[in-house]
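Welcome, and thanks for taking a look. Please open the sequence and the model side by side, and we will walk through a few local features together.

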Amino acid sequence: MCNTERQLNEQSRKSQVTNHKSRTNDNELLSLVIVGHVDHGKSTILGRLLADTGSLPEGKLDFVREQCRRNSKPFEYAFLLDALKDEQSQGITIDAARCFFKTKKRDYIILDAPGHIEFLKNMVTGASRAEAALLVIDAVEGVRENSRRHGYLLSMLGIRQVAVVVNKMDLVNWDEKIFRDIEVEYSEFLKKIGVIATAFIPVSGREGDNVAVSSRNMSWYSGQTVLNQLDAFSASQPPKNKPFRMPVQAVYKFTAKGDDRRIVAGTVESGHLSIGDEVVFYPSGKRSRVKTVEAFNRDPLPDSTAAGCAAGFTLEEQIYVRRGEIAAKEGESVPKVGRRLRVNLFWLGKTPFVTGKDYLLKLGTSKVRMRLSEVERVIDASTLEPVKRDDIKRHDVAECVLELERAVAFDAAADIQQTGRFVIVDDYEIRGGGIVLGALSDRTEDVREKVFLRNYKWERSRIPRDLRAEKLNQRPALILITGEKDSGKKPLAKALENELFATGRMVYFLGIGNLLYGVDADLKEQSKNFREEHIRRLSEVAHLMLDAGVILIVTAIEVNRADLRIMEAVLNTFEVHTVWIGEEVKTDIPVEIHLTEPGPESGAAKIKRYLQDVGVIFKP
Ligand code: GDP
């Protein structure tokens with residue numbers, strides 16, 4: 001177990017209600033989720049499990065019984081959970097989202113997933129990931145929509161260990177036929193979505209039959225109790241034998257003077273990494289060798305790290321990567337990179353998922369704007385019937401294509417689950433989530449491949465970017481001035497170059513036309529990809545100049561999103577600032593400065609002030 005994993009468990013342990021019988025050992029831990037239609041008995045079964053395994057705080061059961069008696073209401077096992085939650089909300093524990101109990105064999109964390117959204121969020125963000133599930137079905141009501149939807153979610157998120165608990169058997173006279181009918185009906189449903197239930201167990205949460213103790217009322221049943229079934233599940237190990245993947249969470253700079261190393265930090269999702277290994281970052285293609293592996297409070301530092309650990313490492317050479325990239329290991333299978341993803345998703349938003357609207361996609365540590373591009377197939381998650389429509393409504397499951405604002409790295413969920421899951425956010429709320437099936441080709445693919453190779457092969461200077469910036473008193477940046485034809489772009493660019501030069505800046509104005517007869521001499525204006533290639537070359541030239549520390553001013557007519565996408569792919573971590581000149585902004589790119597006044601001098605002064613504000617220019 002890695003240090004941080006141990007710390008997390010320790011934290012979880014401490015965060016249990018204090019006088020819970022706590023985890024005092026290094027017992028195996030299995031995380032479990034209980035799902036099912038509302039009122040089918042999830043809380044009752046959980047309360048029973050806690051009570052019958054002696055996991056409740058001392059005196060809690062009597063206290064709740066007594067309270068019920070005093071208020072003349074019948075005792076319910078579900079109240080035990082409410083009582084625990086009350087205690088949690090009074091600050092006795094910091095972690096209200098989980099609940100613990102233990103058996104002789106091992107310890108369990110029950111993830112609190114009151115609804116689909118919490119469940120998706122937990123599973124995708126990695127806050128807590130269930131390894132097994134109990135799916136509760138009411139014997140009286142039988143299989144309901146949510147019984148099926150939850151089943152679908154479990155299958156989509158790759159939870160293969162599922163025990164189906166048919167509850168409230170006391171209300172159907174312990175009738176075997178009712179149980180078997182549900183078993184047949186629900187097994188058929190599960191089969192269609194590729195899940196084989198580990199067991200079907202008839203229980204009564206209220207009476208305790210077959211929860212922790214075998215039922216005397218159902219002698220016809222010879223299978224396991226719920227508790228024994230839980231112990232029969234296997235605890236999954238983090239995927240240490242798969243290729244190394246670590247989504248970059250943050251890049252920290254050492255603050256000690258003269259130390260320009262950076263720690264690349266994140267959680268290792270799969271595989272392992274040791275000092276001396278060569279890491280390659282995707283999508284950028286930047287690479288270097290691991291110099292040290294860092295860890296919290298570890299002395300001496302470890303020389304390797306593996307799946308399941310929060311980790312950090314430093315590199316032999318300083319490279320610039322950002323949050324959202326995925327670190328992989330040279331020589332192992334590589335992550336995919338794409339801007340058009342084929343996915344299988346589950347929609348939970350009240351308003352449908354539609355084309356033509358911006359959403360946010362979160363995959364690993366990357367966050368990117370996206371749109372629904374094509375809907376291939378929609379099915380109702382409860383009936384599994386195909387539905388014919390172009391938007392995706394609440395509780396629909398759909399195979400569709402998402403188009404992202406920029407390319408991200410990921411894996412097909414079938415290869416590596418952890419880096420193949422995503423959620424979709426709208427208006428700060430999770431509205432849906434799912435798994436990636438694969439990437440489709442897109443228009444910036446060629447450019448990306450070239451950039452990847454360029455970065456991969458890049459010969460790095462010994463002068464770090466920061467040092468160069470300090471010396472020149474400026475950060476390198478591309479100032480992109482765009483607008484309609486004859487709107488005054490060039491006079492403005494020249495005035496800005498003048499103004500910055502006069503105050504000692506290293507600045508250069510590059511009219512886009514200046515490339516046409518030189519760098520672009522072999523390009524035919526009639527050829528299909530002329531504009532793309534022209535922009536790519538311009539961006540490569542800009543990349544070189546920015547790498548040299550220059551503030552580069554470029555003018556181009558009506559730059560659009562597709563152009564900017566290429567520029568950003570080529571320029572990578574370098575900054576681009578956009579200026580639109582003209583009365584009305586007629587572009588689909590985000591514009592940082594909009595100039596309407598005619599004078600180039602005043603426009604240049606305004607841009608200069610902006611550059612000071614954003615820290616491109618350090619001193620006035
Ligand atoms: P949840 O919404 O799935 O968490 O369901 P609860 O655990 O709150 O149970 C809903 C209702 O069903 C409560 O009134 C329980 O008392 C009742 N209930 C739960 N399990 C049983 C059972 O095994 N037998 C009977 N008769 N009632 C039960």
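## Around the ligand

This is a predicted model. In it, 16 residues surround the ligand, and the closest are Asp39, Lys42, Ser43, Thr44 and Glu76. By class, the shell around the ligand holds two nonpolar, eight polar and six charged residues.

## Polar contacts and cover

Glu76 has a side-chain N or O atom 2.4 Å from an oxygen atom of the ligand. For Thr44, a polar side-chain atom lies 2.6 Å from a ligand oxygen atom, and for Lys168 the separation between a polar side-chain atom and an oxygen atom of the ligand is 3.1 Å. On its own, the ligand has 580 Å² of accessible area, and the protein covers 84% of that.

## Helix 6 against helix 7

Now let us turn to a pair of helices. Two packed helices are described by the angle between their axes and by the distance between those axes. Here helix 6 (residues 145–156) and helix 7 (residues 176–192) pack at about 35°, and their axes are 10 Å apart. The crossing of helix 6 past helix 7 is right-handed.

Which residues make the contact? Helix 6 brings Ser147, Arg148, Gly151 and Tyr152, while helix 7 brings Glu185, Tyr186 and Phe189. Sorted by class, the contact of helix 6 with helix 7 has three nonpolar, two polar and two charged residues.

## Backbone details in two loops

The peptide bond from Tyr282 to Pro283 is cis, with omega near 5°. Where does Pro283 lie? Look in the loop between strand 10 (278–282) and strand 11 (287–294).

The other spot is Asp427, which has a positive phi of about 55° although this residue is not a glycine. Asp427 is located in the loop that runs between strand 20 (421–426) and strand 21 (429–440).

Definitions and conventions: Residues numbered from 1 in each chain as written. Predicted model: local features only at pLDDT ≥ 70, side-chain atom pairs only at ≥ 80, totals over all residues. Heavy atoms only, no water. Near = heavy atom within 4 Å. Polar contact = N/O pair within 3.5 Å; in protein donor to acceptor, adjacent residues only side chain to side chain. Areas by Shrake-Rupley, 256 points an atom, 1.4 Å probe, with all protein chains shown as cover. Nonpolar A, V, L, I, M, F, W, Y, C, P; charged D, E, K, R; others polar. Axes fitted to C-alpha atoms, helices over the stretch in contact; angles between N-to-C directions. Helix = DSSP H or I, 4+ residues; strand = E, 2+ residues; numbered from the N terminus. Left-handed = near helix turned anticlockwise from the far one by under 90°. Contact = heavy atoms within 4.5 Å.
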